[in-house]
Amino acid sequence: MSNDKKNISRRDFVKGAATGLVAGAFAGMGMYSYSPWAYSRLPKTNRKQQDFGACRSVRVTNISETSWFNNAHLIGDIHEAGGLLVNQYTLNWAPFGNGKGSAKGSYDEGMSTIKDLLPHDLEKAWEIQKKLSLHPDNPGGYSCLLEVEALDGTVHKYLLDTGWSYEWMDNCFKREGIDQMLRDQEIEALFISHEHWDHFWGLPVTMKYDNRIPLYVHDGFYKEGLQYIEDSGYKGELTIADKPVTQIAPGVALLKFDVPIINRVFGETSLAFNIKDKGLVLISGCCHQGILKFADFAYANLKYDNDRFYGIYGGLHISPFEDWDPKYDDLVISLGQWGFERIGCNHCTGHLTAKKFIEAGYPVVRGTARFRSASKDYLGNGDKITFGC
Amino acid sequence: MDNSSVSYLESRKLVKRWNGPIPALVNSVLILAFFYATWWIFQDPRGLMRMYTPYVGYMVCRWLLILFIWVAYIFDFWPFKRSWLNKTHPLIKGSVLTLVSVAAMIILIKGFFVEILGNFGIAYFDPDRLMAMGITDFYSIEYAAEAIMMFAAIASWLSPSWVVACENAPWQKLGQPARGITIVLVTFFFSMIVYFLTMHSHMAILFYPWQKFTAICPPYWEDFANTVSGNFHIAWIMCCTVVVWLYETIWERYPFNLIKHDGLRRTASFFGIIGIAVALCFFLFYAQDLVWGETIRGTRRLMAPDWRWLHVGEMAIFWLVPTLFLSFYCNNWPTKFSRPVNVCIRTLLTAAMAVLVYVVYYKTSHLFLGTQKGFSHPQQFPMIPMIWLINIFLINVWFMDGWPGWKAVPRTEAELEEVREEVVASDVKWTPGIAKGLAIGLAVGALLYFAIINVLPWIGENITIIK
């Protein structure tokens, strides 16, 4: 064989090999990737089942679920400012209004108008801010009281979130007796689910009554949020949750989720309870991580009685603006398979979602639609739900 | 054959104005500066017009891409005369052609989709109609923009496919504007069919109760895709969009251009692109499951099948950026080996570059694009900045002849003949050596694939891109 022929043969081999390499890789992608064999390779969930104890029951009092009163005003303001990725502190909403209009708000300018009034003169602070902000009557807030009965019968109280409007939240606190509980230091901790306006910006209202209450926030808080804690007059022990699971008390755990959220907020913390002889109860502020991710994380990481999902409460963040997306139907269709026995929902769950849950036959606990809550399809302001006992 | 008998893009040769990498560096700097300035003006959530709401900005990106493809590829710059294209300064040419495209885009979106389709056909194309029925203005505009945008997503696969894979057949001999109008109408018609089959049900689900009498709800793909969301279709359609450009640029239409029979070659190219895209789509979905764990239907964000399907399309777009950059600004490097070897090296190189772009994007985009930190924000679409950047590439190379780093000179007759011959390649012929190499290559390619899927779980466990 001549050298020329050898060279041609070698060159041909390389041409074929180069073509085959790319074709073989794509063939593998197409023929294997979405096949049952590919998925049988995936490891089964390795459950860590951290034992966080048990409690006897948890009772939730809905202090306020109406975070805002008019969807069109809220989403209209966000739209005008430039959409769902605009920094919340620039939206020009109270208490960070500066009078300059849409998207020209500023933490520092807003705060400078009220800083010396926090937390002792919230009426005056809110009046000032109402003049400087967009849609000043729209803010409400999300907050609930959690009363956990320990196995020895003692009751431990916690607050989840502290709402938005100083005016509205103060009235709600008074309506449910939270003001006195805070004054008496009966409430053992305040958990902020995430940095959003409607869960966090009402912080001075809690500070007004107890500025040393142990406070837990997600480690994704921005510098404005951390500064606000200081500017609200907080003098207590701040815990920045930086672990996936933080045990608070027997049967009570704080779970941390690193999840990007609209208007630049990052991260959500939610609560899990192990109710003796019943199972797991999940309670959220907004549940931006998704209720099934929440449940799946708990399944993989926590030990709970009967290995059973028992209940849910909170904003489940599905159609907060009565918007819809096909993926929400994925949840409506799938949720039934997880076997929750009691579903208490409101706030960012959306009326439409609650309606679809009920149509799907899920055990949704209905409400009374009092104190400006808009629907009996879910638990409204002042309503209570008990898990266990 | 002379220059006037081929398209303008084929008739010209782009020649570097300076030696070495200087033209590529100069153009890159200018393009990135233009990208950032226009991003700030039009898209950035912190900028001036803030069109990234996200769907309004997304719709604009997508339709601009289609208009550029129509102007350059389908209409061959008609009604602009070849003499004007040859003589006009690239800056003027780029400005005029871009503004014409923008004007056409506005007429199409406002005139055709919103006013005609939205008022006389399907309500969800017109935000005012949705608002009148009680949906907030924000979601009315977003839903309408999503519907209009998805039409463009489908067209941005079919329009170039008709030129690249089908070689404009059977209208390749028609003059302009007859050929352009015909191909636009035909691809528009096919886009509409694909839209109805893939996205109409998705749009119908947005409105309560599901519009069961006008759309298939729940849709036919539900069990296969593990979601009712149309994001499943976005995945493979976006992969088609990317593969058609891989095929045209770094693959030089190889290997389907080895087929001599016109009809067979065109059919094989068109469906071959779809086949390769579906393979890529399945792999990118599986890759996410290997890194992040298997999806959970009904959950949100990172774990949701609907988001993972969407992210397939997003990952594919990350591959398109280095692919076009290599082709446009690096003279499709390398070119010194045989065509199959060049294609193989470029494929591996651009895939590696795509991974790099992906990592850099997620590490930094929240700092300089005004987007949110994290992979799976529901209102964040990396496709928007990637397509915005690609649009700027196209303006620069198609409308401005690569100015300032390059200038257009007419191709010689011999060069034109080479271009024509590229349609049917003759440099690879079946031999025993090829067959042996192919068999070994297929095995190595399959091994490479299995090596990658074996290393992905380790990457998921040990590498954190965003803290």
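Trainee: How many salt bridges are there between chain B and chain A?

Mentor: One salt bridge, meaning a side-chain nitrogen of Lys or Arg within 4 Å of a carboxyl oxygen of Asp or Glu. Keep in mind that this is a predicted model, where local features need pLDDT of at least 70 and side-chain atom pairs pLDDT 80 or more, while totals for chains, interfaces and linings use all residues. Residues are numbered from 1 along each chain as its sequence is written, chains are lettered from A and ligands numbered from 1 in the order written, and side-chain values use heavy atoms, leaving out hydrogens and water.

Trainee: Which side chains meet in that salt bridge?

Mentor: B:R297 and A:D330, at 3.0 Å from N to O.

Trainee: Ok, and how many residues does the contact take from each chain?

Mentor: Chain B gives 77 and chain A gives 71, with contact meaning heavy atoms within 4.5 Å.

Trainee: What area do they bury between them?

Mentor: About 6400 Å², with 67% of it on carbon and sulfur atoms. Buried area is the accessible area (1.4 Å probe) that two parts lose on being put together, summed over both. B:Y208, B:Y286 and B:R300 supply 12% of what chain B buries against chain A, more than any other three residues.

Trainee: New topic: how many aromatic pairs are there over all chains?

Mentor: A search of the whole structure finds 98. Rings of Phe, Tyr and Trp (its six-membered ring) pair if their centres lie within 6.5 Å; planes under 30 degrees apart are stacked, over 60 edge-to-face, the rest tilted.

Trainee: Why is the pair of A:Y32 and B:Y449 edge-to-face?

Mentor: Because their planes are at 80°, with the centres 6.1 Å apart.
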